[in-house]
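Reader: Could you walk me through how to read a few features of this model? I would like the general idea of each, then the case here.

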Amino acid sequence: MVELVWLIPALPLAGFAVLLLAGPRIGEPRAGGLATAASAGSFLVTLITFGGLLGLDAAAGGAGGRGGRWHTSTLFEWMPIGGLEVDAALLVDPLSMTMALFVTGVGTLIHLYSVGYMAGDPKYSKFFLYLNLFLFSMLMLVLGDNLVVTFLGWEGVGTCSYLLISFWHERPTAATAGKKAFVTNRIGDFGFMVATFWLWTTLGTVSYTGLAATAPALANGTGTAVSLLLLLAAAGKSAQLPLYVWLPDAMEGPTPVSAMVHAATMVTAGVYLLVRLNPVLTDDALLIIAIVGAATALFAALGAVAQHDIKKVLAYSTISQLGYMFLAIGSGAYVAAIFHVVTHAFFKGLLFLGSGSVIHGMGDEQDMRRMGALRIAMPITAGTFIVGWLAIAGVPPFSGFWSKDEILLAAWEQPDIIAGPLRVGHLLWIVGLVTALLTAYYMSRQTFLVFFGGQRWDDKVHPHESPATMTLPLVVLAGAAAVGGVINLPLVGDWLVLEHFLDPVFAHAHHFSSPTAIKLALALVATIAAVGGIAVAVAAWLRSRIPTERLEPALLENVFYVDSSISKFVGGPGMAAFDAAAQADKRFVDGAVDGVGWLVRFVGRMVRPLQSGYLRHYASGVAVGAVVLVIWLALRVAL
């Protein structure tokens, strides 16, 4: 069954090809149905391949060793260049299958949702063409057997994000947002490429199996440098400080794009890259990754508390949740990072699609201050959104509680000492706990502003529930967000637990060592923090006991003015520096080139008379040369 892995990316690629050649003729809604069928077929093949992987493990005796859970499917020889041999090959192992399952599963629901959401759009078929290409690129990224194939998918999702974010490019803000995402991600691409070159020159391989075997030979300094380059790459795709600035503006794209980019695909690519290359990561680099993740989580959570656009709240929330994932990676808890990737895909995909349903029902209104009481007009959207809110807030037993609790526990167990008995992990845990409280608060604020309280919309607006193609994915994702945490709980058997399934992929997997009493105490504190955040939101936004203007200072509404400051710098000193560099290029580089050209022309004019075309001139030249040679030889003999 594992040999069918090539069909997983091939089906969305085939959908892309058909829509590219005949999309306008296929028309609406069949173009959407075709794209959705391609995605659903990919999900079905992923399930079959996953079953084949479990069969490989059973044949290997169920020992959980790497031999039984690692299969490479080579499509063709791609780059045989000297000592560099890169195959176009796909890797079937627990990590790639876990990623592929939720990418295709959630991706299919987003495709189905888009059939109703994009109805009537003049570029309907083009949207699904891009969506299928996006899915193909992400699948190549997570299924690639080596860094080069992964980079192919990496660049593919970057290109598709530009095309989809700026899909409504007639709006200047959308066109600018697309370019901003594309340019910012090129910074991360630099880190990816240099890290790949460095690993190849040092270890002689770019395949993941080869890197897993040879990574212990890396010197600590080299490993740390490569790890930091990989962090740069991951920070670009996964919107970590300081490369997060593209993601909030990416909300200019259609809402299904927001769900596809920010929940199920592109932003998880950085997390996947670091987890996949875990044998390369050094202890020094892991500590830096943890600090960057914690700082990003807190920073973005503070930014989310004062946003008014329904999608902007979710955008900053995504950045914050990605920070949690980086905190898990930096703590060595790779399983917890992937666990949160999966649960986040469930509840954040649900929340984004729920916000799109609200926008659809409100006639494209996105300002939460003009909503309220929508639970009556949109009961399905409201009910499913509330499930997503409880899941991301970390309320047990919803999925977000389980994955976030594991990350906080892993942070607590960080062993590095700062001063006396205080550990780095304790500080990181405090940051994560404060972030959890803020998350519960701002998501409660959003839920109350949109679905509760009094009506604040204009009488000309007539809110209504979305069609079944949009509400069905909401219901499915709500179910996953509610019970998704069971995938890492030993309810059926250890072999079905995510931790035991993924463990063979990791060179140094983190295993929790705290006593049960400590684990329960930390989980209780985290739950109290979540309830506390919800309670503050209730007091402020439902009962008006706290002046809300105090909770929305301009500093937070403008997210510490980081983005605006960067824009001012780029548009001011940055533009001036660019103009100066352009002038220097014109004056010195172009001047040098022009000087060489002038010199060549001058020499040409000087020697042109020697090529007159008259035979007598050439004969005279030969005679003169012969006489000069004879005289020179005579002088040599005489002396």
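Reader: Which side chains meet in a salt bridge with an N to O distance of 2.8 Å?

Author: A salt bridge is a side-chain nitrogen of Lys or Arg within 4 Å of a carboxyl oxygen of Asp or Glu. Here, aspartate 563 and lysine 180 meet that way, at 2.8 Å from N to O. Aspartate 563 belongs to helix H23 (residues 562-607) and lysine 180 to helix H6, so the pair ties together parts 383 residues apart in sequence. Helices (H or I, at least four residues) and strands (E, at least two) are DSSP runs, numbered from the N terminus. This is a predicted model, in which local features need pLDDT of at least 70 and side-chain atom pairs count only at pLDDT 80 or more, while totals for chains, interfaces and linings use all residues. Residues are numbered from 1 along each chain as its sequence is written, and side-chain values use heavy atoms, with hydrogens and water left out.

Reader: Is lysine 180 buried or exposed?

Author: Buried means under 20% relative accessible area, exposed over 50%, and partly exposed in between (1.4 Å probe, protein chains only). Lysine 180 has 18% relative accessibility and counts as buried.

Reader: How many salt bridges are there in the whole structure?

Author: A search finds eleven. One of them joins the side chains of arginine 171 and glutamate 252, at 3.3 Å from N to O. Arginine 171 sits in the loop between helices H5 (147-165) and H6 (172-203), and glutamate 252 in the loop between H9 (246-249) and H10 (255-264), so this pair links parts 81 residues apart in sequence. Arginine 171 is partly exposed at 35%, and glutamate 252 is partly exposed at 25%. Elsewhere, Glu155, Arg186, Asp189 and Lys237 are linked in a network of salt bridges.

Reader: What does the side chain of threonine 343 make a polar contact with?

Author: A polar contact is a pair of N or O atoms within 3.5 Å; within protein, one must be able to donate a hydrogen and the other to accept it, and residues adjacent in sequence count only if both atoms are side-chain atoms. The partner of threonine 343 is the side chain of serine 403, at 2.9 Å. Threonine 343 is found in helix H14 (residues 334-361) and is buried, with a relative accessible area of 0%.

Reader: How do strands E1 and E2 run?

Author: Two strands pair if DSSP finds at least two bridges between them. Nine bridges join E1 to E2 (residues 84-92), and the two run antiparallel. Glutamate 77 stands opposite aspartate 87 in E2. Their hairpin has two residues between the strands, and glycine 82 takes a positive phi near 60° there.
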